[in-house]
Structure formats: structure tokens, C-alpha cells
Amino acid sequence: MKKLFALLLAFLMVFSLAACGDKNPDKPDNTKTPSGNISAEIKTTLFTLGYDDGVWNNIEDDLKNEEDYCSATLQILDPDDPEYYLIEAEIEVSLEDPYDFREDLVYYGFNQYEYKENKAYKTVKIGGVDLLKYDDGDDTLVYFNRIEGAGATVKIEFDAEDITDSRITSLLDGLTINLTDTGNEDGPWEWEGKAFSADDASVNAGSFTIKSEFVPFEAPVTTFETFDHSVAAIGDRVYVLVDGELSECHYDGACLAFVDKIELPEDDYDRIEATADGTLWVSGSMNDILCIKNGSVVATYEDIDSLAIHPSGAWGVNYFTSNECAIVTFSGNTYTSTPVTFKEADTIMHLCVDENNIYVCANAADDSGHKVFIYNKAGVLQKTLCDAEGEGLGSVTFMTQTANGYIGFDGNMRDVLLWDNNGKFIAEISDGDLFSTNYPWFCDSAVLDDGSIITIMTEEREDKSATELVAFIVKGF
């Protein structure tokens, strides 16, 4: 009897299970079983990660769990040397403006317009969100994307000896991104935004009236790099080095029209200067110095860190950050080097050479702040330029002498600075008064044939759609 009851009970249970299964016969199984063992969990406000702590080491000191920013770092340590890792994973989820994401988009080789307008790139579903994938074919793997409705950016980066390691996939399987769609709409992209413009302006400075004229590029030049752009001029040709790309422009007195792109062997050059014979001197840390004439490289020089060239092209100063520099004298395809120490200076931020002077823009050796030390070719101090109180400046990025004195552009303080020929301070002119800018960085300047100065700077647009490289002509001193 007991046996019969047991059989009857088993029959009823099977029937009951079958009946329950028939209620949703076409419903897919959305459960996902992470590969590998889940033995530990990181829970933040913006993501949750289940992982195998027998494989992955959670770097707890790096864990951030805030309302608008969460991150975690995990490593698989090298069993032969636990001070090193085989794989490192960094997970970041942040509620923020979209501009860092757009910079990453460009950095990793994606076209902003193709991404936004044409949805041109495939994505991978990770943690419940769609992410772009970048790998360098070697040791870097990145998944990232903008989750616009939530006003969030997700970025997952792996540094690994082998980016195909299955333990990476296992870790990603345990990730859940916790974001809420708030209906956020990001600000305009660069092609949707309003390009920078400014009216001509004039400012009284001592007995001088300094004037500025905004010179637009024929098409706006946008960038994600604030500092490392340069300009040079030869006649009616203006050359701009932007993000490592060198372009020739025609300047007709009103506009900078693009003429041609000049190919460089590397993309990390950051300084150009022109000499009287029409040669462009292109330099960048750890790169050969290039001499370019009529669009072609005519000479190269090795083992020069950064070069500030004399207008004659016969000599220049090889410098880096130390006050121990060298005067380099060129002869054909070779040069000689003579050590020179600018002892009043400590850390050099920038160095310029004009017809008569070497300008060392540096922190003072006596800790009195950032100043401009003017030397002759022999390295003998001629003058020291400072502010009205005799104290330090910000970070001067260009200096030259005119008939009326010395003019400098202070990138850090956003001021144009004037001194008389004796080095006496005349005035500081704010960027807003002279250029109608908000918070630019003065990247570089060059003297034109008529004695006016073309200066380039980076400035974020009012609508934050982009940072532009903008140019002005400065006259009156």
C-alpha cells in the first residue's frame, strides 16, 4: 500500500511540474550563469561584480563607492613573483558630462560623427549595457561607452600579457551595471555646437594701446589637447602643429585657409619654428629634429631634446627641464654642442630665442617663483623679468623683444605681459579684455613680417561642444 502511495505521489509531482512548464512554453531562459566560480562580491552604487577571489585579487585601497563615481581594480598576480601581475582590470562607472568619453572615443580611434550619426560601430553586451571594444593587438583591452539616458560613462580596461585569456571573460560575466535612465540628453557634439568668434578689441596699457584681431580658420580646429600646439610663419604662410599634425595655411589678413598637410614621421612632435631662410624646424621630446623646406624634410638632427632656434638658423639652444643646457651650432647635416648653464633658473618650463636674446622661462633657483631670465648666447644673465611687485609669474609660453620692450604670454595666468627695454614692468592685460576669451591656454606665438604677433590658444566653447584652437593677431607694442 505504501509503495502504491509513493508511486501515485511521484506521478502527481511529475504532472504538476509539466503543467507549470506549459504556462510559458515559449519564454526564453534569461538567467546567465557566470563562467568560473563566484566566491566574492564587490557591490557599489553603480555596479556589482561577482568574482572568484581564488583567481582575482581585489585591490581594496583602490575601491571607490560614491553616488556619482564607482571604481574597482582587480589583479591576477604572477605566481612566480607576486609583486607583479599577469592581468589587471579597472572598472569605472561614473555619472558625468560626456566630454571625457568623447575624448576617449577619439583616443581609441573611433570617429565621433560616425559613432553618433551613423551608429557605425559594433558593441558588446557586458553587464547589461552595450559597450564598444578596443584592443591594441598586444596587451590592452578596453570596453567603454556612453549611456546617455543615465548621464553615465562606463569604462572597463584590461592590461594583460594575453588579452584573450579566458579569465577576462569570466570576470566580465560576473559584472552587472546598475544605472537608471533619467531621460538625460547630452550637450551638442562639435559639429552641432557654435564655433568660437570674437570682435576686435583694444586695451590701454601704459602709454600703449594693444589691439587684437580674431583670425578664424576657414573650418574650426577642434582638439582634446590643451597645451601642445605650435605656430610658425613664413611670409603669408602660417604653419600650425595641432595634435602632432602639421598644416600649412594661407593668411590673407582676414582668414587662415588650409593649403596642405605636411606629413611627419611621428605624431608626437609639439613645436615648430621658422628661420629667415624659410625653413621650418620641428621638434618634440625623444624625436629627431626635422628641417622642412617647401613641404619636404631637408635635414634631420639626432640627440637634441627640445630646440629653440635662433632666427638665423645657425644656432639654437638644446634644453629640457634642467638648467644645464647646450648651445648647438649647425653646419650642414651636423652640429656641435657647447654646454651652458643658466644658473639663475631651476626647472625650465619653456625657452625662446629671438634676434638678440635667450629667454629662459623657469622657476627661479632662489625659490622666488616663475620668472623670465634673459641671457646672451654665452649664458650671461642680462635681465630678470617678473611682475609689478617683483614676484613670480605663472608659466610664460612665449617671449620676444619689440622696439618698445618685451612682450610675453603667460599661459597659466592668461595674461599678456609688457616690460620696457630696461625690464621694468609696464602692464598685464587679461585674456578676457583683449581676446574675449573665458579660460584659454596660450599655446604659442610667432612674429609676422610686419612685426605683429600671431598667437594661438585653446578655448572651450560656451556650449561646451568642443575645445577649439583659435588664433589672434596682436599689435601695438
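1. D236, R237 and E248 are joined in a network of salt bridges. This is a predicted model. R237 is partly exposed, at 26% relative accessibility. D236 is also partly exposed, at 37%.

2. How many salt bridges are there by this rule? The count comes to eleven. The cut-off is a Lys or Arg side-chain nitrogen within 4 Å of an Asp or Glu carboxyl oxygen.

3. Look at R146 and D186. Their side chains form a salt bridge, at 2.9 Å from N to O. R146 belongs to strand β9 (residues 140-147), while D186 is in the loop between β11 (175-177) and β12 (201-205), so the bridge ties together parts 40 residues apart in sequence. Are these two residues buried or exposed? Both R146 and D186 are buried.

4. K464 and E460 also meet through their side chains in a salt bridge, at 3.5 Å from N to O. K464 is partly exposed, with 38% relative accessibility. E460 is partly exposed as well, with a relative accessible area of 37%.

5. E266, D267, D268, D288, E302, D303 and D305 form a negative surface patch. One of them, E302, is in the loop between β22 (296-301) and β23 (306-309).

6. Last, a glycine. G451 is in the loop between β35 (441-447) and β36 (453-460). G451 has a relative accessible area of 41%, so it counts as partly exposed. From C-alpha to C-alpha, G451 and A365 are 33 Å apart in space, and 86 residues separate them in sequence.

Conventions: Residues numbered from 1 in each chain as written. Predicted model: local features only at pLDDT ≥ 70, side-chain atom pairs only at ≥ 80, totals over all residues. Heavy atoms only, no water. Patch = residues over 30% accessible without salt bridge, like charges linked within 9 Å, V, L, I, M, F, W, Y side chains within 5 Å. Areas by Shrake-Rupley, 256 points an atom, 1.4 Å probe, with all protein chains shown as cover. Lys, Arg positive; Asp, Glu negative; His and termini not counted. Charge placed at Lys NZ, Arg CZ, Asp CG, Glu CD. Helix = DSSP H or I, 4+ residues; strand = E, 2+ residues; numbered from the N terminus. Buried < 20%, exposed > 50% of the residue type's maximum accessible area, 1.4 Å probe, protein only.
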